[in-house]
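Open the model in your viewer and keep the selection panel at hand.

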Amino acid sequence: MRYLFIAILLGGCTVERQDSTWQDQKFDDMRADAGATIDAGLGEGPGAGTMAGTWLMLHEGSTCVINDEQLTHAWYVVEIEETDRVMQETRRLCRVDLSPILGLKVIIPDAVRDSIEFIDIDRGYASSLRVGGSYSSSTELALWGLDLENPLEDTLPADATDPRVIDSDNDGQPGVTFEIENSTCRRYQGQRQIIRYDGVFVTPNAVEGSSINLTGVKVYGSTEPLCGIAPPVISNDAHSRFRMVRVDGAGGAIDLDADSDGQISCAEAAPAFDEVLTIRSADRANCGR
Amino acid sequence: MQWPTAASAGPFDLYGAGARGSAMGAQVANATGPWAIYYNVGALSEADVGLTVGGFATYNRVEVLLMDRPTGYDIPKLDVANSPIPTGAELNSRQDTEGIEPLYGLTFGGVTSLGTKRLRLGFVAFLPTTELLSMSARYNDERERVFSNKLRFELIDAQPQRFDAELGLAYRLTEWASFGIGGTFLTAANVGTDVYLQDPTDQENIDINLDVRTENQWGLLAGMQLRLPHNMMVGVSYRGPVSFRISGENRLQVSGVSDDAEQPRQTLDWTPKYSPGSLALGFAWSVGSYEIAADARWVLWSDYRDSHSQRTNFENVLQLRLGLEYEYTAEDRLRVGLGFDPTPVPKQTGRTNYVDNDRALASVGSSHKVEFGGQGFEFSWFLQFQLLLENTVNKDGTAQECSESATKICDEISDSLINPRTGQPFPEAQGLQTGNPGFPGYTSGGWIGALGAEVTF
């Protein structure tokens with residue numbers, strides 16, 4: 001009897017921890033669902049509460065070349081990863097159009113466009129994602145036909161024989177090759193492009209603003225002397241602008257992922273190129289003439 | 001503003017009064033000595049004149065084991081004003097409850113006739129030897145997360161840690177009927193502070209005046225004992241509820257707030273100790289050397305007030321006791337008892353975590369009369385075992401936003417809370433976020449033991 005009593009005390013009264021019937025709760029799925037259920041136009045929708053995702057950007061960069069305005073319209077697909085309000089932006093250049101100068105329109109071949117190396121050096125941030133909130137991009141640093149040890153600060157190579165000049169478009173010529181519309185003229189050059197974008201949220205899924213551009217060019221040759229002329233390119237930031245819209249379906253935005261593979265290619269984004277921003281024509285008056 | 005405390009029954013409610021009562025359990029019809037005041041003050045008229053001194057100690061192995069929390073329900077860190085303390089930043093981490101405070105104390109009792117044959121006046125008292133009065137604070141819902149972050153047995157933990165005193169007066173009306181009346185005593189307090197805060201940014205330096213006034217509170221005791229033919233007895237008793245309630249107000253003066261009407265006021269209202277009212281019917285029958293007793297006590301827990309003086313949805317319950325006393329010599333008696341105390345606490349599947357269990361009781365004891373120095377003494381002892389029947393609580397799978405009236409497990413961060421930076425709801429605030437220590441459930445159980453002795457002379 002005594003041993004039974006002790007056994008009850010030591011064993012029979014032990015409390016066993018039980019398992020809960022509650023399931024784990026996940027938030028990412030909830031957020032994705034919320035975005036996907038809303039159908040909206042470009043830049044519309046209530047927002048996803050984060051900039052993380054895929055955006056389509058059109059940059060209308062203004063430069064002055066020989067007192068004439070040259071507009072560069074560049075469409076990018078921008079992948080943004082956000083960590084504690086700081087953003088890593090990965091850009092893909094989908095299309096570049098340059099306005100003509102002195103009647104000559106420079107064409108950037110697809111091979112050149114695809115060879116551009118964007119270099120990740122810093123981060124962007126946004127103070128608020130609400131309408132009126134400020135956005136400052138990471139620095140867009142791109143080298144065209146160049147391989148510099150310090151991409152931001154090294155002086156551009158002066159000579160085509162400099163090993164830092166590379167045939168990045170694989171056409172057998174130094175640097176990258178620009179074409180002249182309706183001409184067989186080719187120009188071989190290296191280029192460093194530095195751009196930062198600052199804007200505000202005009203809707204939770206659209207940012208508009210201006211840019212600061214710095215472009216350095218070195219010509220390493222041409223098929224004809226006329227093509228080899230490289231007059232100074234002067235930034236004209238007061239007339240530069242951009243618009244960036246979310247296109248991944250999150251936060252009520254339009255979803256351009258036509259094949260639903262989770263990635264938005266340039267081809268998938270192309271139908272929306274004309275809707276991002278109403279582009280304008282170059283105006284000589286913007287360069288003081 | 002509410003302040004947390006705890007509440008429960010007194011030491012006699014939990015362990016019984018006197019060695020005989022603690023050993024047999026059932027005493028309403030056949031209580032003896034001064035302890036009749038507790039069980040049935042009407043039976044005090046049969047008590048021998050004398051004094052009783054004793055004591056008892058308790059030991060326990062009770063536990064509340066919390067279920068593991070599923071992921072996704074924690075309180076996130078949000079960059080928004082007045083957001084709750086995030087999970088992991090609490091003073092104490094969420095933890096199981098292992099054991100309750102043991103109780104050690106002395107018991108006293110005395111009976112006098114005041115020179116009148118049919119009259120008896122008596123008292124009983126319990127004096128804790130650890131702390132005269134122990135009060136500690138607990139919320140019974142998600143608010144406790146930022147304090148102890150654990151659960152506590154509502155009725156058996158700190159509550160019995162208190163001084164208890166009862167008085168009774170009984171008169172034998174006839175040879176077969178006795179009537180008694182008495183009171184059980186507790187204090188109450190009115191507490192107030194006047195606080196002056198000169199620099200709201202330096203809250204470590206404040207001036208405080210204290211104003212405390214205590215008052216006596218008595219719970220009514222009444223009972224009747226009837227002697228029936230064939231050595232049978234019937235007892236009926238009533239015990240009124242009694243509580244230790246603390247109320248008052250903190251008045252704050254903050255420098256820079258010129259209008260007195262705008263100065264903060266903090267209302268205090270605690271009920272840290274509560275013994276419920278009860279109605280009891282007892283029956284006893286003496287057969288040869290045996291005395292059999294049975295009690296049924298209807299305990300009015302529905303009037304229970306929790307530590308914040310708020311009414312609960314506790315239920316009235318019927319406690320049962322069955323006792324046997326065997327007189328194996330003229331001087332020696334053996335006692336055994338059984339009992340069952342159903343919990344008055346409903347299943348805590350919602351917001352609150354009042355932890356309590358059904359209890360099955362078994363006890364044994366004996367008494368022995370001796371003579372020493374020409375004076376007669378009776379030594380008695382008891383050993384009591386209370387098994388807390390295992391109770392598993394699973395919180396219901398539905399939730400509501402937290403509010404004063406919320407009864408379900410509640411969401412401490414509204415799904416519609418807007419991130420001031422994004423203008424969007426916080427993704428991590430969607431669904432249920434709760435720091436309720438009892439979420440998603442828990443299991444309680446274990447056992448309590450008590451050993452005591454007394455001498456009567």
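Which residue of chain A forms a salt bridge with B:Asp96? Select A:Arg17: its closest N–O distance to B:Asp96 is 2.6 Å. A salt bridge here is a side-chain nitrogen of Lys or Arg within 4 Å of a carboxyl oxygen of Asp or Glu. Across the interface of chain B and chain A the rule finds one such bridge.

Some ground rules before the next stop. This is a predicted model, in which local features need pLDDT of at least 70 and side-chain atom pairs count only at pLDDT 80 or more, while totals for chains, interfaces and linings use all residues. Residues are numbered from 1 along each chain as its sequence is written, chains are lettered from A and ligands numbered from 1 in the order in which they are written, and side-chain values use heavy atoms, with hydrogens and water left out.

**The interface**

Select the residues of chain B in contact with chain A (heavy atoms within 4.5 Å): 41 residues of chain B meet 31 residues of chain A. By class, the chain B side has 15 nonpolar, 17 polar and nine charged residues; Ala, Val, Leu, Ile, Met, Phe, Trp, Tyr, Cys and Pro count as nonpolar, Asp, Glu, Lys and Arg as charged, and the others, Gly among them, as polar. About 2,900 Å² is buried between the two chains, with carbon and sulfur atoms giving 56%. Buried area is the accessible area (1.4 Å probe) that two parts lose on being put together, summed over both.

**A salt bridge within chain A**

Next, select A:Arg284 and A:Asp68, a salt bridge with its closest N and O atoms 3.3 Å apart. The two residues are 216 apart in the chain: A:Arg284 is in the segment after helix H5 (273–276), and A:Asp68 is in strand E2 (residues 68–83). Helices (H or I, at least four residues) and strands (E, at least two) are DSSP runs, numbered from the N terminus. Over all chains the count is 39 salt bridges.

**Two backbone stops**

Select B:Phe439 and B:Pro440, which are joined by a cis peptide bond with omega of about 5°. B:Pro440 sits in the loop between strand E18 (410–411) and E19 of chain B.

Finish at A:Ile66, which is not a glycine but has a positive phi of about 50°. A:Ile66 lies in the loop between strand E1 (53–65) and E2 of chain A.
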